[in-house]
Every structure is written in structure tokens, then in C-alpha cells.
Amino acid sequence: MSKVKYYYDPDTLSYRKIELKKTRRYRNIFLFILGSALFGFLGLIFLLNTNILNTPRELSLARELKNYELRFELLNKKMEQVEQVLANIEDRDNNIYRLYFEANPIPEEQRRAGFGGVNRYKSLEGFNNSEMIIATTRRLDVIQKQMVIQSRSLDEITKLAEDKEKLLASIPAIQPVKNEDLTRMASGYGWRSDPFTKARKMHWGMDFTAPKGVPIYATGDGIVTRADNNASGYGKHIRVDHGYGYMSLYAHLSNYNVKRGQKVKRGDLIGFIGSTGRSEAPHLHYEVWKDEERINPINFYYGSLTAEEFENMLKYANQENQSLD
């Protein structure tokens, strides 16, 4: 039974029964229902944003998502370390390796160039952590591209190093006759007196005086292009093509130890001292050619002479005496 409510009427000095109108009663009921629904809705939102009503699977997925976020953070830190190492390699590549081998540095814009064209990351859009995933993926793609460019650069440097090593081995850089086998260094490159006509003429090589049969050695790696007696004045002689425009010539030999087409290494025994052809006495006439022009051989003995030996040879080579051929 509902409670009956009264109010005090001062006019009649008595209590009167409170009678609610139907409209007011309905309004109160409506407000009560509306308030209950509002509080219920707010409570539901609160519960949905807490773990109170989450199922075990939802809780597991949430933990897994947090774990992935942590892994992405660690991955970004590792990529930062890789970027630092890669930047150091790129710096050495441009300023040491490529500089040493006279190769053009790789421009910074080429190393850091992005990816044009279509959106490469469209499939990664629309997720809760899309921004983080796209940024990490883009960063990883840039690192991979930089590594490809650097790998190609190092391949090029390796090829240049091999060519440089081959060039250094091919240049005629040692004396063709050992010092202990020499009688003397008879004549150098330059104007000399002809032993037969006594006229002053250009002597295009260096003469090494030694007894007949003393070994003669290849001064650089190359291929024997001639080993014959078919050149006027040279007698039995050998020509070695070293590549890179270099050729060496060994004249007035008594005999050969190589034949045409044979590959030789620096220091290989190729022939023996003689006095064939236009020669006054047993000796080796030695020439160096570069790009089909004869040059002074004395500039190429850095591979076999000490500083003192080179200085003595330079003194004798510059004396304007009589040549032996």
C-alpha cells in the first residue's frame, strides 16, 4: 500500500491530502525511466572501456597487441643502430675507398632516394597502429635500398682493387739484370755517341753490361709478343706486352727462355745476355714503351733497387758516353 502524503494548509489551519495529477505522475515516471536509462548507458560505456567485462580471449589479444608494440619499439632501436653503422660505411666508401681508386663518390640524394609511384603501404592502412607499422616498414625499406646501393658500390671497389693490383703487377718495375751479375751500367737513355759511326744520336733505352749467358728477367707481368731475330739492329730480342699501354723490349740476347704467346710474371727468367745484332760487346739493351712511345726505363726501377743503388744508377745513366749498340 502506497504512502499517503499530506501538506499543511495555513488558511484552514489543517492538514490536507496531497493528490497528484495524472499528468504529473506520468511525467515523474518518464523522468525516472529516462534517468535510469541514462545512468545505465553511461555505466555500460564505462564497463566496456575497462577489463571488467572483457573475455579471456580479448584479454589475451590485448596482451599480444602490447607485446607487438614493444617488439616494434625494439625493432626501431635496432634499425637506428643499423643506420649508424651503414652511415659510417657510406662515409668511408665515399671518402676513402672510392677516393683511393679514383672513383666518383655516390651522391647523397642517390643513397637517400625514396620510392615513387603507387602507395606501397596501402595494405597496412586502417588498423589501430597503422601509423607506427607504416613508419617502421618505410624505414626498413629505405635501409634495404641503402644496403643494396652500398653492396653494389663495394662490388665496384673490389673490381677496381683487382684492376689496381693487376696494373701494379704489370708495370715494368724491376731491373732486368741482377746487380750482382752486372759488370757495369754502360749507357742510359738520351743522346749518346754511336759506337760504329761515332755520331751523336738518340739512345732509346738502357745498356746493362754483363758476361754472355747472364740471366735476363721479365720486369712485369705480361704476354710475350715477340721472341725472334727479325728486327733490324736488335738481334735476338724479346718483347713483352704488359697491358695498360706498357711494353718492354730486351735486345742482343744470346738465347731465349720463352716463346711467343707465353704468359710471364715479374721476375721470370726470359732470356740470356748476348751480343747479337748491332752490338759492340755482350750486354742487354732494355727499352720501356708507353702508349707506343719509348720512355726512360730508369723511372721504373722502384721494385728492385735501394735508394743508394738507384742514385748510383742515375749518375751513370746520365753520363753522355758511348753506347754499346
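**Salt bridges and exposure**

Reply: E83 is partly exposed, because its relative accessibility is 29%; here buried means under 20% relative accessible area, exposed over 50%, and partly exposed in between, with a 1.4 Å probe and protein chains only. The model is predicted, so local features need pLDDT of at least 70 and side-chain atom pairs count only at pLDDT 80 or more, while totals for chains, interfaces and linings use all residues. Residues are numbered from 1 along each chain as its sequence is written, and side-chain values use heavy atoms, leaving out hydrogens and water.

R139, with a relative accessible area of 24%, is likewise partly exposed. E83 and R139 form a salt bridge whose closest N and O atoms are 3.0 Å apart. This pair joins distant parts of the chain, since E83 belongs to helix α2 (residues 56-100) and R139 to helix α4 (residues 130-170), 56 residues apart. Helices (H or I, at least four residues) and strands (E, at least two) are DSSP runs numbered from the N terminus.

Seven salt bridges are found across the whole structure, the criterion being a side-chain nitrogen of Lys or Arg within 4 Å of a carboxyl oxygen of Asp or Glu. Another of them pairs K265 with D221 at 3.7 Å, N to O. K265 sits in the loop between β12 (263-264) and β13 (269-273) and D221 in the loop between β7 (215-217) and β8 (222-228), so the pair ties together parts 44 residues apart in sequence. K265 is exposed at 52% relative accessibility, whereas D221 is buried at 17%.

R226 and D228 also meet in a salt bridge, at 3.1 Å from N to O. R226 is partly exposed at 26%, and D228 is buried at 17%.
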